[in-house]
Each structure stands twice: as structure tokens, then as C-alpha cells.
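Thanks for coming. Please have a look at the model on the screen before I go through it.

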Amino acid sequence: MTDAVDADAVDIENDGERMIPAFHRPSLLYAEHLTRYQAAAEIVRGKRVLDIASGSGYGSSLLAGTAASVVGVDVSEVAVAYATRQYGADNLEFRHGNAERIPLEDDSVDVVVTFETIEHVEDYRAFVAEIDRVLAPGGVALVSTPNDLEFVEGNHYHLHEFVYDELRELLAPHFAHVKPFFQATWQAVAVGTQEDFSTEGVVEATVHNLAPLERDQFLYFYFVCSREPTDATVPTVLALGGHHSDRAIQQRDLATQARLEELETALAGARHDLEVLRSTRSHKIATGISAVAHRLRLTRG
């Protein structure tokens, strides 16, 4: 991947919904999005792949590292142009298109990757039918979407969010086999060498789950869907993102408190000045003139 781009030089808007490495690395948002694609890398190896809602193109680029070919499709022409400039390659192209009318031929891809897409689509049933249409016999669809019971409320980009059983029922008419995997966010504590933690990349580590979750507590569903039985599976991938610093949080809170106190002092001063103004002879005269003028207007009316 060629993500090392100066954010000031990026000609695409940071709208808060689309992940753009130049803006979001190394945040938790960056890790959250990248992990989904990393988990799919082996499933797409040697395959023809559609990455629907490919956004800024970073995920399609990652998939192209193992896939035979990747087509990224996005509804935003700006995103398609940016992704083409940033990530275009011999086995990777980007197209403008709609999830409800995917611009690919029938049975033309072996894997459809759709991460955080279906919640944005008005006719999501038509979207699932389109995935089925473009997927070749023996193909696999990777479907990831937020869990409505856990995801933060009020995202105006999301038209419909799903609970577990609802999503399974939506996929069932097209995919007889659905393997459920999940994605969640934890706080992490790690011990290792400076070399392990001072550079971006893979760190070999033993993971101890000290905070197990129930099914409905996961933040995202990650389903492997197929018409026939498949041995496609998703490996467990864990990514560190968004360094947690108690000192930084404390300093931010102290700065916020100081600013709040500054504003309260300014407000108290403004109220005092207003009371002084109201007590002056000129203010009382002006108030009296205003009242008389108001009564005159009412009389003339």
C-alpha cells in the first residue's frame, strides 16, 4: 500500500464517514477499517474480487496484494478519482457505480467484499440480489456491517442498521451457508520491546481475552456467505490503533476546564457590565422613550 500522503495535499474531503489513511492513520478508526481487509487477504488470494463501496481505495489496494484482480466500485466520483490516482495498479481498477446496480457482468467475480456498505443502501434487498448476480458459482461474499444494538446512535449516513437475526434472514434467500464472525473494540495493554512497538507492522504476540463478550455486544458483524459449503474462513486479527494516554486525556480535560472557567469569568463580567448599564440614568431614559414609542404605535394602529 502507498498510503504515505501528506494530509494537506489530499484532494478528497474528510467527511468523518469515509476512512482515508492520510487523515486517520494511526487512529482507532484506521485500525478498525484496515483490520477488516487484512482478515480478508487470504480468502481473496488468486481470486477475482469486487470491493463494493471502495471509498478512498486503501482496502482494494490491500486486497490486490493477494488477489488476481480487484475492481473497486463507489458511488462517489470524487472517491473513485482519488482512489485511481492513489492506488491504481495493473490488477486494480476503480469504477463509479451504485450498489443497487453494480456495474459488473453476471457471474464475473469470485469474491464480493462489502464492508460497511449495506447500512447506507436504501434498497438493501436489491443490493443483496446484486451481490448474488455478480458472484460466480462457488463464490463467496464477505459482508460486514454495524450491530444496531451496539453501534452509536445518530449516524445520519446510515439508512438502516441490522441486528444479528435480521441480517441472517436477509442473506438466507441468496446464501444457504453463512459463517458468522465478529469485530469488536477493546482497550489493550501490551508488553514488548521498543522495536516491536515503535514501527507499524505485524507483532507476534499472545492475546489474553480478559473481557469476553456476548454475541450482541460485538460492534460489527462479519459474515462469510456462500451458496455452497465453503472452506473460506476468517483468521483472528488484532490491530493496535489510537494510542491511549491517560496523561494526554488529563491534559485535554484540564485545558477544557480552564477554557470553561475562562468563559464563565467572561460571562460574569458581561452580566456585571449589563447591570451597570441598566442602572445608568441614560438607560432609564432610553427605556422610557422606547415604552412611550411602543404605546404610540399601538394607538395609531
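Which strands does helix α5 lie across? Helix α5, residues 124–134, lies across β1, β4 and β5 (135–146), and runs at about 150° to β5. This is a predicted model, where local features need pLDDT of at least 70 and side-chain atom pairs count only at pLDDT 80 or more, while totals for chains, interfaces and linings use all residues. Residues are numbered from 1 along each chain as its sequence is written, and side-chain values use heavy atoms, leaving out hydrogens and water.

Helices (H or I, at least four residues) and strands (E, at least two) are DSSP runs, numbered from the N terminus. Angles run from 0 to 180 degrees between N-to-C directions, with axes fitted to C-alpha atoms, for helices over the stretch in contact; contact means heavy atoms within 4.5 Å.

Now the sheet. It is open and mixed, with 7 strands in the order β3-β2-β1-β4-β5-β7-β6; two strands pair if DSSP finds at least two bridges between them. β3 (92–96) and β6 (177–183) each have a single partner strand, so one side of each is left without a neighbour in the sheet. Strands β1 (48–52) and β4 (109–115) run parallel, joined by 3 bridges, and L50 stands opposite V112 in β4. Helix α4, residues 77–87, lies across β2 (69–74) and β3, at about 165° to β3.

Last, one residue. R36 sits in helix α2, residues 28–40. R36 has a relative accessible area of 2%, and buried means under 20% (exposed is over 50%, partly exposed in between, 1.4 Å probe, protein chains only), so R36 is buried. The residues R36 touches include F115, E116 and Y220.

Conventions. Lists of a residue's contacts leave out its neighbours within four places in sequence.
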